[in-house]
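Please open the model in a viewer and keep the selection tool at hand.

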Amino acid sequence: MAILNFGYAISRPRAIDVDNNDLRKSNDIIAEMPELQACIGCGSCTASCTAAAITDFNFRKLHTAVRRGEYKGVYDELSKCMLCGKCRLVCPRGINTRGLVMLIKRKLGDF
Amino acid sequence: MTFFAPFTIPFIAGALFMFAAIFLKWLWWTVKLPKVDRRLILHNFFTRNTLVAVWEVVRESLLHIRIFRVNPLLGYMHMSLAFGWFLLIVVGWIETSVYLGWEMIPIQGHIFFKYFTQVNNIDAHSALLENLMDGLLLLVLSGVALAWFKRMASRAMGMRRATKHALYDRIALSALWFVFPARLVAESLTAAIYGGGGFLTGSLGSWLGGVVPTEMLALIYEPSWWFYSSVLGLFFVALPFSRYMHIFTEIPLIFLRRWQLRPTLERKSYDNFEVEACSRCGICIDPCQLQADLGIHDTQSVYYLRDRRYNMLSLKVANNCLMCGRCEAVCPVGINLTTLRINSRAMRRNIPHEGRYGYLTNIDRSSGVGKVGYFAGCMTSLLPAVQRSMMQIFNAVGEDVWYADKDGGVCCGRPLMLSGETDAARKMVAYNTDLFRRYEITTLVTSCPICLRSFRDNYRLDGIEVLHHSEYIERLITEGRLRVAAGAEVYSYHDPCELGRGLKIYDSPRRVIEAVGTLREAEHNRRDALCCGGSLANTVIDDGKQQRIARRMTAELEATGCDTIVTSCPLCQKSIARTATRPTLDIAEVIAQRIVS
C-alpha cells in the first residue's frame with residue numbers, strides 16, 4: 001500500500017478556478033483578519049504543528065484553500081487543530097493563526 | 001399618631017418595588033441552581049463557614065476592607081457610603097424606639113422621623129441622638145463629596161481611570177448622590193421652622209431661619225420632603241437594574257462562596273450571583289495591560305460583566321482578554337473573573353462534535369522507562385534547549401524518566417479550554433490521563449505552566465504527583481541530589497501568569513535562582529507581575545500589540561540591571577526574548593549550566 005500512496009498513482013485534475021469560486025466567505029475572512037494577506041506560504045505553521053505531527057493535518061493547505069474559495073471539507077479538517085498556538089509563535093509574518101483557525105471555523109460553520 | 005403623608009408615596013412605592021424585585025431575583029437564581037450546588041449549600045449550612053461568612057459580610061459589604069488596601073481614600077469613600085448609610089438606618093431605628101418605645105411603626109415613620117415628630121408633636125430632643133444622627137449624615141455626605149471628587153480627579157484616589165457608566169447606572173448614581181444632600185436640606189428646614197436638630201442640621205437650620213423669610217421657609221418645607229422621598233424612590237426603582245444591585249447580591253454571594261460554590265467552565269445559575277455582585281467600582285481597569293499599554297477601553301472585567309449582565313456581550317469583548325488574572329487579584333468582591341469569561345466563551349464556541357479528535361486513538365509517542373514522567377508540552381517543543389537542559393538535569397541525578405512527548409505528543413487541552421471548547425478539551429484530558437496511567441508513573445514533571453495548570457485543575461491524577469520543573473529542581477537541590485555552583489551572575493525573574501497568580505507558585509523558582517546567583521526583583525512582581533502579552537487566551541490582539549505589551553514588561557525586567565532574564569514558561573520566554581536586549585533563559589537552562597558533577 002505504501003508504494004501506492006507514494007505518488008505514482010494517477011492524479012485527478014486539480015484545477016482551482018478562482019474566477020468561478022464563491023469568494024464571499026473568503027473575502028469576509030480576509031476583511032476580519034487582513035494580516036492573512038501577508039502570508040508568504042512558508043509552511044512554518046504546518047512544520048511546527050502538534051496535530052500535523054500525528055496526522056496529515058495541514059494548516060497551510062487549509063488556509064490557502066480557503067483564501068481561494070475552496071471551502072469543501074475545510075471545517076471538518078480544521079477541527080483536528082488542538083489550538084495549542086505553536087503556529088502563532090513561529091509565523092514569520094506574525095499572523096494571529098489561532099484567531100484565524102477560530103475565524104475560519106466560525107465563518108465556514110455551514111460548509 | 002399618624003405616620004403617613006402624601007410625600008412618602010414615592011418612597012414606599014420604590015421600596016416595595018425594590019424588595020419585590022430583589023426577592024424574585026434571589027428566588028429565581030436559587031431555584032435554578034444545579035443539584036450539586038444545592039447539595040453543597042445543605043451540606044455546609046450548619047458549619048463554621050456560615051459564621052465566617054457573617055463576619056466577611058461585615059468586613060466587605062459594610063467596611064470594605066479590601067478597598068482600603070487598594071487606596072485608603074477610596075476605601076473610606078466606599079465605607080462611608082455603605083457603613084454610614086447602614087448605621088443611619090440602624091441608629092434611626094434606635095432613635096424612634098427610644099422616643100416611642102417598642103411600638104410598631106411603618107418603615108416611612110423611621111426614615112422620615114424628623115417630619116413625623118412635628119406632625120405628631122413628639123418630644124424628640126435628645127442632644128446625644130440628634131448629634132449622633134447628624135454625625136452619621138455627615139459621614140455619608142463626606143462619602144458623596146468624595147464620589148463627586150472622584151469623578152473629577154480619580155487619580156487622587158488611586159485610580160488612573162474610573163468606570164464609564166451606562167445609562168441605568170447614571171440614573172441610579174445621580175439619584176444616590178441627591179439622596180443625602182436632600183435629607184440634609186429637608187431636616188435643616190425642619191430645624192429652621194420648628195427648632196431642634198444636631199450640630200449639622202440644627203446649626204444649618206438656625207442659619208437658614210435667620211436669612212430666609214418665614215413665608216419662604218413654609219413654602220419650600222413640604223417640597224423638600226417630597227424631593228427627598230422622590231430621589232429615594234427613584235434610587236430604589238433603579239437599584240435592581242443598575243450596578244447597585246451589588247449591595248444585595250454580594251451578601252448572598254459571600255455565603256454561597258463560603259459554602260464552597262464555585263463557577264465552572266459551563267455556565268450555571270451561580271454565575272448570576274457573581275456577575276451581579278460587581279459594583280463596577282473600576283478597580284480592575286488600571287491593572288489591565290490591554291488598557292495601559294494598548295489603550296483598549298471596552299474589554300476590562302467591569303465592562304465584560306456589565307455586557308454579560310445586560311445580554312449585550314460581543315464575541316470580541318469575550319475573547320479580548322489575556323486572562324492574566326491581574327484584575328482578579330485586585331477585585332474587592334473576589335469575583336472569579338477568568339472562569340466566568342471562559343464559560344462565556346464556551347457558551348458560544350463549545351459545539352458538540354463527536355468525531356472530533358478521532359485520531360487520538362492508538363497514538364503513543366512516549367519513550368523511556370521510569371516512574372518519573374516528563375511532559376514537555378507543545379510550547380517547550382519550540383525551545384529544544386529547555387528539554388535538553390531537563391534531560392541534563394535528569395541524567396545528573398540519575399533519574400529514570402519516561403518522556404511523554406519527546407517526539408511531539410498531544411496537547412494538554414488547556415488552550416482549547418481557554419477558548420471555550422470545553423468538550424473538545426476533555427478528549428485531550430482523557431487521552432493524556434490514560435497515557436499517564438498506562439505507564440504507571442508516580443511523578444509528573446512539566447516545564448510548561450499552562451500544562452501544569454490543566455493537570456492540577458482539570459485532570460484527575462490521584463496518585464500522581466504533578467510538579468512544575470522549578471518545584472522539581474528545587475526539591476533536587478534541597479535534598480542534595482543535585483549540586484550546583486553559585487556564581488556572580490545577576491538574574492531577574494518573570495512570574496508567568498499561569499504559574500504565579502494561577503497556581504500561587506512564586507517561591508520555588510526564586511529559591512532555585514538564588515541557589516546559583518543573585519536575584520533582583522522587577523517593579524511588578526509576584527501577585528502583581530505583568531503579563532508577557534503572548535497569552536493563549538487572547539485571540540483578538542495582533543502580533544504588534546502583543547509585542548507592545550511584552551516590551552514594557554521586558555523593560556521593567558531589564559531596569560533591574562540584571563545580566564540575564566529568567567522565566568519558567570516557554571511561552572513567556574518566547575515573548576520576552578524577542579523584545580529583550582539581554583539573554584533570556586528558562587530556569588532549567590540556568591541550572592543545567594551550573595551543574596557540578
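Begin with chain B and select helix α1 (residues 9-31) together with helix α11 (residues 214-238); their axes come within 7 Å and cross at roughly 15 degrees. Axes here are lines fitted to C-alpha atoms, for helices over the stretch in contact, and angles run from 0 to 180 degrees between N-to-C directions. The angle makes α1(B) roughly parallel to α11(B), a label given to angles under 35 degrees, whereas those over 145 count as roughly antiparallel, 65 to 115 as roughly perpendicular and the rest as oblique. The residues of this contact divide into ten nonpolar, four polar and no charged. In that division Ala, Val, Leu, Ile, Met, Phe, Trp, Tyr, Cys and Pro are nonpolar, Asp, Glu, Lys and Arg are charged, and the others, Gly among them, are polar. To display the contact, select Pro10(B), Phe11(B) and Phe17(B), among others in α1(B), and Leu232(B), Leu234(B) and Phe236(B), among others in α11(B); two residues are in contact if their C-beta atoms, placed from the backbone, lie within 7 Å. The crossing is left-handed, that is, the near helix is turned anticlockwise from the far one by less than a right angle; clockwise would be right-handed.

The model is predicted: local features need pLDDT of at least 70 and side-chain atom pairs count only at pLDDT 80 or more, while totals for chains, interfaces and linings use all residues. Residues are numbered from 1 along each chain as its sequence is written, and chains are lettered from A and ligands numbered from 1 in the order in which they are written. Helices (H or I, at least four residues) and strands (E, at least two) are DSSP runs, numbered from the N terminus.

Next, select helix α9 (residues 167-194) and helix α10 (residues 201-211) of chain B, whose axes come within 7 Å and cross at roughly 60 degrees. This angle makes α9(B) oblique to α10(B), and the crossing is right-handed. Leu184(B), Glu187(B) and Leu189(B) are among the residues of α9(B) that meet α10(B), where the partners include Leu204(B) and Leu208(B). Here the contact residues comprise six nonpolar, six polar and one charged.

Move to chain A and select helix α7 (residues 97-107), which is mostly covered, with eight of its eleven residues buried. Buried means that 20 or more other C-beta atoms, placed from the backbone, lie within 10 Å of a residue's own; with 12 or fewer it is exposed, and in between partly exposed. The buried residues of α7(A) pack against α1 (24-32), α2 (44-48), α4 (59-67), α5 (74-78) and α6 (86-90) of chain A.

Finally, compare two loop positions of chain B. Thr47(B) lies between α2 (35-45) and α3 (48-63) and counts as exposed, with 12 C-beta neighbours inside 10 Å. Ser381(B) lies between β1 (372-375) and α19 (384-397) and is buried, with 22 other C-beta atoms within 10 Å.
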